[in-house]
Amino acid sequence: MGVNTEKPLIEIKNLTFSRGNRKIFDDITLSIPKGKITAIMGPSGSGKTTLLKLIAGQLTPDSGEIYVLGENVHTVSRKRIYQLRRKMGMLFQSGALLTDLTVFDNVAFPLREHTKLPESVISALVLMKLQAVGLRGAKALMPAELSGGMARRVALARGIALDPEMIFYDEPFVGQDPITMGVLVELIQKLNDSLGLTSVVVSHDVDEVLSIADYVCVISEGKLIAEGTKDQILQESTGYVNQFVNGLADGPVPFHFPSDSYKEDLAKLSGMTVNDSKGSV
Amino acid sequence: MANARQKIQSLCQSTGQSSIELVANFGRGTLFILGVLSATPSALLRVDLLLKQLYVAGVQSLPIILMAGLFVGMVLSLQGYNVLVDYNSEEAVGTMTALSLVRELGPVVAALLFAGRAGSALTAEIGLMRSTEQISALEMMAIDPLKYIYAPRFLAVLISLPMLTLLFTALGILGGYLISVGWLGVDEGAFWSQMHSHVDWHDDVMNGIIKSVAFALLIAVIALYQGFNAIPTSEGVSGATTRTVVHASLGVLALDFMLTTLMFN
Ligand SMILES: Nc1ncnc2c1ncn2[C@@H]1O[C@H](COP(=O)(O)OP(=O)(O)O)[C@@H](O)[C@H]1O
Ligand SMILES: [Mg+2]
């Protein structure tokens, strides 16, 4: 029961966040256990990236608190949040490599900026991280010369360069071929176990995520609609979760973006007014 | 009745919304500029970053600035000669060329070219860095983009443009010399001595430099803010790039009028 007594690494309490008039998160409370792989799932546009940016303190919530390592990331000083971020690695959807640096220099970048290590040590560290993602041979390439999957793996090497305590993956599987996907899945698992990381994987690729996640949260329409271990989630067979996990197009989570009634829209096109309530469209 | 009420309501709503957006935009802009300014001293210590930006903004703008300076100087002296020769005072063509360049055309034309060449590139670069999440990634790596990205570029513009302006002016005078002395046969001694005695170091040259520093400040702020504020899509970045050129060019011309009124009246 050691897991349950340990304080969660990240705690989100009553988080509310809006963009314009749209409420992205409406009173969400969840916690992310230490040393595990936690998956946060939800359809596109449900605010998964936004959630990661909130956790990293890049965005500020309308209300509610987010604690990382016991510190409220939105009330600590700017200096402190930068210190906290050194303990976080983030793998962006696009990789977000610095396009004017080589693969090697991209991975070396956080080390050069944050440490005073001699260049020989930095070299050794960079090669080690690149070896871990299987791309030591690509060290001299520029980001533009990499495939999407390779760019993500380089970004991963960069993300673990400073030996963070936690790492966030934003949609690591999107747009990858099946082989690359398998490589990434394995890599996430391997890194989590060998480096003792806490991993948060944000994704809507249900099968891949469920194959590695210890703990799963499902978000939809601004609410946390399910949370639990992988088995608990898989057993849940109703409503949103069923729809999501089994990939049904329409269900409690609407396929359609909220809109006026279709009939009215069509009626406007043909210049009619809608007055027959039983009319067919 | 109800319809009119609705219309008024929605009008009020949209007016209110856009006023709020305007104020919010202004606030964001001000905060951003203050942030860049406060990061500028520490950017001075990052010689590596500054040198790279000086190369991109300054050195790479050299060809266009030098060519343009030469042509503007040649045209000025050609036109000036045609007018002055009627009054038998064609030796004054050097003075006329130099004064026009030092006081007005040097700072203004160099700034306009610079806004098109380097300002637009800055906006596009920063907008794209944002849309590819490179700036977010820097923040996540605990590196302050204000210090790493914005401040070095700000400083590079502030340093490059005045220097480019001086070179533009120098090349313009050279162009004037080539045309009037080399081609139109104006007396070389008179050309230079008149210029020497009529161009004042403080009133003309210094004021010209002050102008170019002011223009540099304006272009840097507009280009960086447009990049920072660009909607991170292709249309967003291209729109922001266009706005940089349009706003900076009009801004330079308007500011030039104001400064000229203050300096040379
Ligand atoms: N910079 C932004 N400005 C305004 N709205 C945004 C911005 N970024 C994202 N959004 C909106 O917020 C919602 C959630 O976005 P996001 O977190 O990227 O979703 P996800 O990562 O789950 O696909 C989307 O509807 C998106 O349109
Ligand atoms: Mg996303």
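**Tour of the interface between chains B and A**

Select chain B together with chain A: 17 residues of chain B are in contact (heavy atoms within 4.5 Å) with 23 residues of chain A. This is a predicted model, in which local features need pLDDT of at least 70 and side-chain atom pairs pLDDT 80 or more, while totals for chains, interfaces and linings use all residues. Residues are numbered from 1 along each chain as its sequence is written, chains are lettered from A in the order in which they are written, and side-chain values use heavy atoms, without hydrogens and water.

Keep both chains displayed. The buried area (accessible area, 1.4 Å probe, lost by the two parts on being put together, summed over both) is about 1800 Å², 54% of it from carbon and sulfur atoms. Next, select E133(B), M140(B) and M141(B), which supply 37% of the area that chain B buries against chain A, more than any other three residues.

Proceed to K52(B) and D100(A), whose side chains form a salt bridge (2.6 Å, N to O); the term denotes a side-chain nitrogen of Lys or Arg within 4 Å of a carboxyl oxygen of Asp or Glu. Between chain B and chain A the count is 3 salt bridges.

Then select α5 (134-140) and α6 (145-183) of chain B, the elements giving two or more residues to the side that touches chain A; helices are DSSP runs (H or I) of at least four residues. The largest share, 6 residues, comes from α5(B).

Finally, turn to chain A, where 4 strands form an open antiparallel sheet in the order β2-β1-β4-β5; strands are DSSP runs (E) of at least two residues, paired if DSSP finds at least two bridges between them. In β2(A), select F25(A), the bridge partner of F17(A).
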